[in-house]
Amino acid sequence: MRTLATPRFLKRTCRVVQQKPMTNQRIEIEEPPTLQIQIHISVIIRPLTMFFVKTWRSTVFGVYGYLNFTKSGFIEHSKKFKPEDMLTRINEKNCIVTGANSGLGFATAEGLASRGATVYMVCRNKERGEAALSKIRSTTGNQNVHLEVCDLSSVSDIKSFASRFSSKDVPIHVLVNNAGLLEHKRVTTSEGFELNFSVNVLGTYTITELMLPLVEKAAPDARVITVSSGGMYTAPLTTDLQYSDSNFNGVDQYARNKRVQVALTEKWAETYKNKGVGFYSMHPGWAETPGVAKSLSGFSERLSGNLRSSEEGADTIIWLALQPKEKLVSGAFYFDRAEAPKHLMFSATGGSHVLIDSVVDSLRSLSALSS
């Protein structure tokens, strides 16, 4: 009778062990190497799973973003805006805006100055900062706008700025963490940090922690507003802050950085809940800014005509700065003047914020700040 051959990797291997007397034999059966099979399958399946999860996140984000983050989305959402929300004067308030020489930062600084605030523009480049300063003073008529030069990619420079500014001993009513960067190639700063992380995360963390004593002086009306990005919807929180993978991807790193900012805002709200300071993160939508045109030129070209203006992108930042704190939720994420979800449905990023304590410990160590 013909028998079917058994696949080699599933065969049981038999061996006969001779014993005395010769008529008495013992048969030992070795089990198939199932562990090796499982490992082999795991090596194949895990990368495929990660690929499909990442693709799914990007697809969900793309569809949701096109419907909501574009200029048409802003126009639709603005139908529910209350014009009176933006009429508040803030003549007696001091505001710091980082990355204020162009794009969202410039629009934010100009919007706050036009409402009477004393604005401190924190810029890396002195010449561009002075040009932006002159323009804002001219267009708003507000001469209480000042330039502070600081490189947000350098912890040392941030500490020097904080020490210098603290000598003014002025209360800070609004701190806007706007400065951001998307560098596609891996670049290491002079302090040894990956550049995107250094500006977007470590710089944001360091300047916030160092300015908090002055922010607390403005309590109970003090607030910290951190400008995140819709890109964070594509990334869960990770403790791999400087992207250790040899295949560096600047867009992925930017998304990770922006996720950290949202989780950090939650943590700050919890940590300083009794200090009279509100912490808010926000998403400006897809705005046409110099940074986007430079870092995401293909994206900018594809959506040409349907990207928001810098003023539309900065609208919610200014709205957050003007609203009575009792109308806002500390630790929340805002978009188009309303609280927004921090995770998209089925995006598999929920629950990742439990890692925030580990992230904060790392940031405290890297910035050499005392706890």
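A residue counts as buried here when its relative accessible area is under 20%, as exposed when over 50%, and as partly exposed in between, using a 1.4 Å probe and protein chains only. Keep that in mind as we walk through this predicted model, where local features need pLDDT of at least 70, side-chain atom pairs count only at pLDDT 80 or more, and totals for chains, interfaces and linings use all residues. Residues are numbered from 1 along each chain as its sequence is written, and side-chain values use heavy atoms, with hydrogens and water left out.

Let's begin with helix α3, residues 103-113. Helices (H or I, at least four residues) and strands (E, at least two) are DSSP runs, numbered from the N terminus. In α3, the buried residues are G103, L104, G105, F106, A107, T108, A109, E110, G111, L112 and A113. That makes 11 of the 11, so α3 is largely enclosed by the rest of the structure.

Now for the sheet. Eight strands form an open sheet in the order β5-β4-β3-β6-β7-β8-β9-β10, with mixed pairing; two strands pair if DSSP finds at least two bridges between them. At the edges sit β5 (145-149) and β10 (338-339), each pairing on one side only. β10 runs antiparallel to β9 (residues 333-335), and two bridges join them. Touching means contact, that is, heavy atoms within 4.5 Å. Another helix, α10 (residues 310-322), lies across β6 (174-177), β7 (222-227), β8 (277-283) and β9, running at about 165° to β7.

Strand β8 deserves a stop of its own. β8 pairs with β7 in the parallel sense over six bridges, and A222 has V277 in β8 as its bridge partner. In a regular strand the side chains alternate between the two faces of the sheet. In β8, V277, F279, S281 and H283 point one way while G278, Y280 and M282 point the other, and all are buried. With seven of its seven residues buried, β8 is therefore largely enclosed by the rest of the structure.

Zoom in on M282 in β8, which has 0% relative accessibility and so counts as buried. Leaving aside neighbours within four places in sequence, the contacts of M282 include I225, V227, G313, I317, L320 and F333. T265 is 17 residues away along the chain, and its C-alpha atom is 10.0 Å from that of M282.

Two packed helices are described by the angle between their axes and the distance between the axes. Axes are lines fitted to C-alpha atoms, for helices over the stretch in contact, and angles run from 0 to 180 degrees between N-to-C directions. Angles under 35 degrees count as roughly parallel, over 145 as roughly antiparallel, 65 to 115 as roughly perpendicular and the rest as oblique. The axes of α6 (residues 195-216) and α7 (residues 250-271) come within 8 Å and cross at roughly 15°, so these helices are roughly parallel. Among the α6 residues meeting α7 are F197, V201 and Y205. α11 (residues 356-367) also packs here: its axis comes within 10 Å of that of α6, crossing at roughly 90°, so α6 and α11 are roughly perpendicular. On the α6 side, F197, V201, L202, Y205 and T206 meet V360, L363, R364, L366 and S367 of α11.
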